[in-house]
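User: Please take a close look at the charged side-chain contacts in this model, and then relate them in one connected account to the aromatic rings and the strands.

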Amino acid sequence: MKVKRFLNGMMAFTALIAASMMSSCGHEPTPVNPPVNPDDTTTVVVDYGDLADILFENETQIGDGGAEFEFKGKATLPKGTYTLKGWIYICDGAELTIPAGTVIKGDDRAALIVEPGGKLHATGTASQPIVFTSAKAKGNRKPGDWGGVIICGRAQNNQTTMQIEGGPRTTHGGNDNADNSGELQYVRIEFAGYPFAKDKEINGLTMGSVGSGTKIDHVQVSYCNDDSFEWFGGAVNCDHLVAFHGWDDEFDTDNGFSGKVQFCLGIRDPKIADTSKSNGFESDNDAEGDAKTPFTTAQFSNCTFVGPMIQDANFSNTADYINGGAYNPNNGSALGIFQASMHLRRNTRLSCANTLTIGWPVGIIIDNQRGDARSNYLNGNATLKNIVIADCGIECSDFNGIFQDNLVSEYSTPTIDNTQVSWTSTWFKSDASRRFATSSELNLTSAFGFNFAFVPASNSSLLNVTLPAGFNGSNYVGAFAGTSDNWLSGWTEFDPNNQDY
């Protein structure tokens, strides 16, 4: 047992813990229990402090001066404020319970990683969400201040067994699509995505082969230094997700993800985009576009994508304008430009219904550069129904990085036929449920404290539509049925840099 490290850690956090307990619990702090033996399989209750000291005893060094810890027991944390240090693995058979109202501050390279067979029980409420945020002081928080949250399971993916993205040791995958990794409900994840190496940032919430026995709903990811949400295979169903001012993509689906995802809101900061060109959806079957099974067949419904053009009348999709603004962490993460609300590529079979896009440089791209995504949409292996695209720079394109609504007839060069509209545009217009519009035609209004219009007014044509068969969702286009449908209330936060945690 590392008594010296334990005591030093407790002394460093005494003031923080005392302030937290007095404000959140209304009583003086009690002594912190000794660290839990990671091999103890009994359920224990621990007290406030540094998670790395409270829960873990085995410590090894990882690259760049960090540490990793294994937790093999079961523990329930009392409500309070904690600091997360190092890479903390919830191992096979271990269970960690985090109660509503708890705040966990990620310190530098910290990450919480649920391994296959482990369980994280993080169930907040609308009035008492669980918050994972930066350990930096109020006003000084930026994307990439800490790692993020990773959940890995034993459901299927199309690579059999995969190494999780971002650098941790964990592999994921199996044959149990009903696998249960716990719960993540009424949770916020803020300022995650520390760049451990070039192109090795952890996403805000990364899900690797997570099974449908896992519950994920009411999760907000804000100011992440990579994708807000990313699924690598798995069959978990999710609902009420918010991607706010992320760096790269809002919702990224790969490697055979087959879950259903309902009610999603994505809102971009016009000054933050990734060098890979940021999208709302980015969806692949795999990196090469192979026809590997299971295919990526995720079904999304009732999504609203608010692009960068909506929030700033002077927006320019150039590197000079997109400089990170006050949230540029200057940590080596490369800035780039925005692309499309939906970039469907590499043999994906993602389906989407009842979804609204406003203010993106490109509405939608169905990209055949690798694999044959076009055929999947043409032959009905994937569907887009009740999709409304408004106020975009161009409505459609056929190719990554080409901001033209013209036909790409050959990809290797590429060859563009300027006399014809894109294949994506022709296909998109072939179904009357898919349409282009302006926000004024749609009768959108501002709501929920935002000063831009993205919610249907009572007379909007987005209401009272037919939901396609086989989808979750509701009979309206977008994430909200109107200004009274505020499922964001209570648990979300859109100015996390200035919150007292």
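Analyst: Asp145 and Lys136 form a salt bridge in which the closest N and O atoms are 3.4 Å apart; the term denotes a side-chain nitrogen of Lys or Arg within 4 Å of a carboxyl oxygen of Asp or Glu. The model is predicted, so local features need pLDDT of at least 70 and side-chain atom pairs count only at pLDDT 80 or more, whereas totals for chains, interfaces and linings use all residues. Residues are numbered from 1 along each chain as its sequence is written, and side-chain values use heavy atoms, with hydrogens and water left out.

In another salt bridge, the side chains of Arg374 and Asp398 meet at 3.4 Å, N to O. Arg374 belongs to helix α4 (residues 373–378) and Asp398 to the loop between β30 and β31 (407–410), so this pair ties together parts that are 24 residues apart in sequence. Helices (H or I, at least four residues) and strands (E, at least two) are DSSP runs numbered from the N terminus. Arg374 counts as buried at 14% relative accessibility, and Asp398 is buried at 0%. Elsewhere, salt bridges with shared partners connect Glu70, Lys72, Glu115 and Arg169 into one network. The search of the whole structure finds 16 salt bridges.

Charged groups also meet aromatic rings. Lys271 lies over the face of Tyr321, 3.8 Å from the ring centre, and the charged end of Arg434 sits over the ring of Trp427, 3.8 Å from its centre. Such a contact requires NZ of Lys or CZ of Arg within 6 Å of the ring centre and within 35 degrees of the ring normal.

Among the rings themselves, there are 32 aromatic pairs. One of them joins Phe480 and Trp487, stacked at 5.1 Å centre to centre with 15° between the planes. Rings of Phe, Tyr and Trp (its six-membered ring) pair if their centres lie within 6.5 Å; planes under 30 degrees apart are stacked, over 60 edge-to-face and the rest tilted. Phe480 is buried at 1% relative accessibility, and Trp487 is buried at 11%. Both residues belong to one aromatic cluster, whose members include Phe191, Tyr223, Tyr327 and Phe494.

Turning to the strands, β30 (394–397) and β2 (59–61) are treated with their sheet. That open sheet has 12 strands in the order β2-β3-β6-β9-β12-β18-β20-β22-β24-β26-β28-β30, with mixed pairing. β2 and β30 are its edge strands, each pairing on one side only; two strands pair if DSSP finds at least two bridges between them. Inside the sheet, β6 (residues 87–90) runs parallel to β9 (residues 111–114) and is joined to β9 by 4 bridges, with Ile88 opposite Leu112.

Strand β27 (residues 351–358) has 8 of its 8 residues buried, so the strand is largely enclosed by the rest of the structure. β27 pairs in the parallel sense with β25 (residues 299–306) over 6 bridges, and 6 bridges join β27 to the parallel strand β29 (residues 384–390). Gln299 stands opposite Ser351, and Ile358 has Ala390 as its bridge partner.

How values were computed. Buried < 20%, exposed > 50% of the residue type's maximum accessible area, 1.4 Å probe, protein only.
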